[in-house]
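Hello,

Here is the structure for you to look through. My notes on it follow below.

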Amino acid sequence: MALLDDDQISERLKTLEGWRRDGDEIVRVFELDDFVGSVRFVDAVVEPAERMGHHPDVAISWNKVTVSISTHSEGGLTAADFELAAEISALA
């Protein structure tokens with residue numbers, strides 16, 4: 001899968017509310033009601049990640065879940081990262 005250039009990344013980020021670029025990753029912090037809600041949200045992320053064969057990094061801090069996505073095998077951001085981000089955003 002081809003790496004996206006800076007212009008392509010900027011354009012795609014405009015379509016994803018709450019996501020930002022952090023180096024070779026895109027990142028979003030989701031705020032839930034409580035710890036249980038955070039864990040349930042991460043559990044919901046499993047289905048699209050497994051279906052796409054593309055797995056984000058996640059961190060839980062009580063009512064916040066930080067999701068970071070990158071195509072590590074390509075060394076940066078690809079279209080697959082933005083597709084997964086859109087699917088995860090739809091879960092929130």
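**What was found**

K14 counts as exposed, because its relative accessibility is 64%. Its partner in a salt bridge is E11, with 2.9 Å from N to O. E11 is partly exposed, since its relative accessible area is 47%. Please keep in mind that this is a predicted model.

Now the overall picture. The protein has three helices and four strands, and along the sequence they come in the order α-β-β-α-β-β-α. The C-alpha trace spans about 40 × 25 × 20 Å along its principal axes. The radius of gyration is 13 Å, which agrees with the value near 12 Å that a compact globule of 92 residues would have. Buried residues make up 39% of the 92 residues. Of the contacts with a separation of 6 or more, 66% are between residues 24 or more positions apart. The accessible surface comes to about 5,400 Å², and 48% of this belongs to carbon and sulfur atoms.

Back to charges. Side chains of opposite charge can pair when their charged atoms come close. The structure holds five salt bridges, including the one between E11 and K14. Another joins D22 and R20, where the closest N and O atoms are 4.0 Å apart. D22 is partly exposed, at 42% relative accessible area, and R20 is also partly exposed, at 45%.

R51 and E87 form a salt bridge as well, at 2.6 Å from N to O. R51 lies in helix α2 (residues 35–52) and E87 in helix α3, so this pair ties together parts that are 36 residues apart in sequence. Salt bridges that share partners join E47, R51 and E87 into one network.

Beyond its neighbours within four places in sequence, R28 is in contact with residues including W19, V65 and V67.

Last, I88, which is in helix α3 (residues 79–91). I88 counts as buried because its relative accessibility is 0%. Leaving out residues up to four places away in sequence, I88 touches W19, F30, F41, V45, P56, V67 and I69. I88 and P48 are 40 residues apart in sequence, and their C-alpha atoms are 7.6 Å apart in space.

Regards

How values were computed. Residues are numbered from 1 along each chain as its sequence is written. This is a predicted model: local features need pLDDT of at least 70, side-chain atom pairs count only at pLDDT 80 or more; totals for chains, interfaces and linings use all residues. Side-chain values use heavy atoms; hydrogens and water are left out. Contact means heavy atoms within 4.5 Å. Helices (H or I, at least four residues) and strands (E, at least two) are DSSP runs, numbered from the N terminus. Buried means under 20% relative accessible area, exposed over 50%, partly exposed in between (1.4 Å probe, protein chains only). The radius of gyration is taken over C-alpha atoms; the globule rule is 2.2 Å times the number of residues to the power 0.38. Accessible areas come from the Shrake-Rupley method with a 1.4 Å probe; for residues, only the protein chains shown count as cover. A salt bridge is a side-chain nitrogen of Lys or Arg within 4 Å of a carboxyl oxygen of Asp or Glu.
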